[in-house]
Amino acid sequence: MTGAPLLFLHGVGSLAAVWTAQEAAFSGAVALEYPGYTSDAGAPETTAEGMARRLLQDLDRRGLKEVHIVGLSLGVVVALYLHAAAPHRVRSLVLADGFICHPDGAAILENGMRALNEQGMAGLAASRAPRVLAPNAPPEQVESVAAEMARIPETAYRAASRIVWLADVAALLPAVKVPVTVLVGTADVVTPPALSRALATAIPHARLEVIPGAGHLSNLDQPEAFNAAVRRHLEEIP
């Protein structure tokens, strides 16, 4: 394994804090938030290309020339666009609970924006949190996920939702030559396992690992299993 650090990229309804268990487990790991997601992160980006460009600038400021990227959901989309923009800076990819093109993406976006208009971020977060976790998730974890999501500025959430749910990364996949592991929770109802299987099949030399009992936020539902899968991924890299 190379000495490059891990870069963690969160989903549309999370902040960097979603990776707390992973940052504690991997020395030197960095979890970044997307433009507009915090008051000091600048204006939101409206394209995945723009997000990737801004994150590369952040890596430059931190002096990180090469990273292993672990992305979840929206983080999968952004990771692949970051790789496309600067493949020499991406040592490997772990793509969790993602897809090539979500078959229900347009409907998910429409329903989400309607709920946001009617309920605001706090109401949307309260209704969405149970869906992104496993059915047996502790109530306090559901509440924590909802509270974090409610902190996301509405403009940033709207822009990022359009990016992820309307994404189609098929054209980016043939150029991926770095080691890739695709992870997915068996209880993921947002991006079901079949979508991750299709993603793994479409990427040259990618392998799939399924995390039993994990929902869409597989890193939160089963942090030990998730971290173990990431370690196996890194150990197989020369």
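A cavity is a set of grid points where a 1.4 Å probe fits but cannot get out, and its lining residues have an atom within 4 Å of a point. The views below show a predicted model.

**Figure 1. Lining of the largest cavity in the predicted model.** The count comes to one cavity of 30 Å³ or more. About 40 Å³ of space lies in the largest cavity. Its lining includes Gly 11, Val 12, Gly 13 and Ser 14. Ser 73, Arg 128, His 216 and Leu 217 also line the largest cavity. By class, this lining has two nonpolar residues, five polar and one charged.

**Figure 2. The largest pocket and the helices that line it.** The volume of the largest pocket is about 300 Å³. Its lining consists of 14 residues, and those nearest the pocket centre are Ile 108, Asn 111, Gly 112, Arg 128 and Arg 131. Helices H4 (105-132) and H6 (154-165) each supply at least two residues of the lining. H4 gives the largest share, 10 residues. Eight residues of the pocket lining are nonpolar, four are polar and two are charged. Arg 128 is among the residues nearest the centre of the largest pocket and also lines the largest cavity.

**Figure 3. Packing of H4 against H6.** The axes of H4 and H6 come within 10 Å and cross at roughly 155 degrees. Angles over 145 degrees count as roughly antiparallel, and H4 and H6 are therefore roughly antiparallel to each other. The crossing of H4 past H6 is right-handed. On the H4 side, the contact is made by Gly 105, Ala 106, Ile 108, Leu 109, Met 113, Leu 116, Asn 117, Met 121, Leu 124 and Arg 128. On the H6 side, Glu 154, Tyr 157, Arg 158, Ser 161, Arg 162 and Trp 165 take part. The contact residues divide into nine nonpolar, three polar and four charged. Ile 108 and Arg 128 belong to this contact and are also among the residues nearest the centre of the largest pocket.

**Figure 4. Crossing of H2 and H3.** Helix H2 covers residues 48-62 and helix H3 covers residues 74-85. Their axes come within 8 Å and cross at roughly 70 degrees. Angles of 65 to 115 degrees count as roughly perpendicular, so H2 and H3 are roughly perpendicular to each other. Ala 48, Glu 49, Met 51, Ala 52, Leu 55 and Leu 56 of H2 meet Leu 74, Val 77, Val 78, Tyr 81, Leu 82 and Ala 85 of H3. The residues of this contact comprise 11 nonpolar, no polar and one charged.

Notes: Residues are numbered from 1 along each chain as its sequence is written. This is a predicted model: local features need pLDDT of at least 70, side-chain atom pairs count only at pLDDT 80 or more; totals for chains, interfaces and linings use all residues. Side-chain values use heavy atoms; hydrogens and water are left out. On a 1 Å grid over the protein atoms alone, a cavity is a set of points where a 1.4 Å probe fits but cannot get out, and a pocket is an open set with protein on both sides within 12 Å along at least five of seven lines; lining residues have an atom within 4 Å of a point. Grid points are joined across faces, edges and corners, and a volume is the space filled by probe spheres set on the points. Helices (H or I, at least four residues) and strands (E, at least two) are DSSP runs, numbered from the N terminus. Ala, Val, Leu, Ile, Met, Phe, Trp, Tyr, Cys and Pro count as nonpolar, Asp, Glu, Lys and Arg as charged, and the others, Gly among them, as polar. Axes are lines fitted to C-alpha atoms, for helices over the stretch in contact, and angles run from 0 to 180 degrees between N-to-C directions. Angles under 35 degrees count as roughly parallel, over 145 as roughly antiparallel, 65 to 115 as roughly perpendicular and the rest as oblique. A crossing is left-handed if the near helix is turned anticlockwise from the far one by less than a right angle, and right-handed if clockwise. Contact means heavy atoms within 4.5 Å.
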